[in-house]
Amino acid sequence: MSVHAPPPATGRQYSIQDLQGFADRGEKFAMLTAYDYTSAQMLEDADIPIILVGDSLGMVMLGYDSTVPVTMDEMIHHTKAVRRGNGRAVIIGDMPFGSYQGDQDTAVANAVRFLKDGGATGVKLEGPRVELTRRLVDMGVPVLAHLGLTPQSVNQLGGYKVQGRDEETAHRMVTDAKALEAAGAFGLVLEAVPSAVGKDVTEALSIPTIGIGAGGDTTGQVLVFQDFLGMTKGRLPRFVKPYANLREQVVAAAKTFASEVSSGAYPGPEHQY
């Protein structure tokens, strides 16, 4: 069953052509993840032009140890909710581990599900998936590429480590990025790479680059919703800047609520019928 976006709250709907326009004009833009209806509504009110329904939902919403266990059904479920809440943003569905690494026909079918069933604008693929990118784009499926630290490969990489520190891997990243652009990717996420590499890749491409721990020279920047709002417990990656401290505020509010219920202060007369 297809998901229809609500009418935009204000202004027109963003497109991938708008994102290219940012890059062409040398303007920077913000991207955030979202996983549910309410957060998607808030990001529409904030005029965020592009949302990633990331497989990071496995960790921040479902409590998995990594993104690897996330399924297609889980991704579609959350993508549908985000699209219901946001009628303006470009919404990208993150292809989960195992949904595109095998035969291309299965990968294509899974990508199409994001558009037909999830209401997404396009999909994101980790790694230099050049041939699959070309095939999807030829079919009309917009593809956001992803190089650098690719969390689905955490077991192969030996952990969440900065990529592209040596000259060989940095050069290969530029080469892969060019190949993905030639295959039709409309943009490229660069994760956890040295700032110099982020700059080199961005300068080598005409499509927008979106950094997460890739320095300040990329076209856009992306953060995980829970990280940027200060909701995440424990140590954050170096590249994360919390723009609020909601975890502390929510805990304090919950304690106050519990205390007022216990004392009988809530509900007061004004909260009763």
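Arg 113 counts as partly exposed, at 26% relative accessibility. Buried denotes a relative accessible area under 20%, exposed over 50%, and partly exposed in between, computed with a 1.4 Å probe on protein chains only. The model is predicted, with local features requiring pLDDT of at least 70 and side-chain atom pairs counting only at pLDDT 80 or more, whereas totals for chains, interfaces and linings use all residues. Residues are numbered from 1 along each chain as its sequence is written, and side-chain values use heavy atoms, with hydrogens and water left out.

**View A. Asp 73, Arg 113 and Asp 117 are linked in a network of salt bridges.** A salt bridge is a side-chain nitrogen of Lys or Arg within 4 Å of a carboxyl oxygen of Asp or Glu; by this rule the count comes to eight. Between Asp 117 and Arg 113, the closest N and O atoms are 3.7 Å apart. Asp 117 is partly exposed, with 22% relative accessibility.

**View B. Glu 27 and Arg 25 join their side chains in a salt bridge.** The N to O distance is 3.0 Å. Glu 27 is partly exposed, at a relative accessible area of 34%, whereas Arg 25 is exposed, at 52%.

**View C. A salt bridge connects the side chains of Glu 168 and Arg 172.** Here the N to O distance is 3.9 Å. The two residues are separated by about one helical turn because Glu 168 and Arg 172 lie four residues apart in helix H8. Helices (H or I, at least four residues) and strands (E, at least two) are DSSP runs numbered from the N terminus. Glu 168 is exposed at 59% relative accessibility, and Arg 172 is partly exposed at 40%.

**View D. The buried residues of helix H6 (residues 130–139) are Val 130, Leu 132, Thr 133 and Leu 136.** These residues lie on the same side of H6, because they cover an arc of only 160° around the axis; the arc is that of the directions from the helix axis to the C-beta atoms. They pack against H5, strand E4 (122–126), strand E5 (143–148) and helix H8 (167–183), contact meaning heavy atoms within 4.5 Å. Exposed Glu 131 and Asp 138 are carried on the face of H6 turned away from its buried side. Gly 140, with a positive phi near 100°, follows H6.

**View E. Ala 109 belongs to helix H5 (residues 104–116).** Ala 109 is partly exposed, with a relative accessible area of 42%. Its C-alpha is 9.2 Å from that of Ser 99, ten residues apart in sequence.
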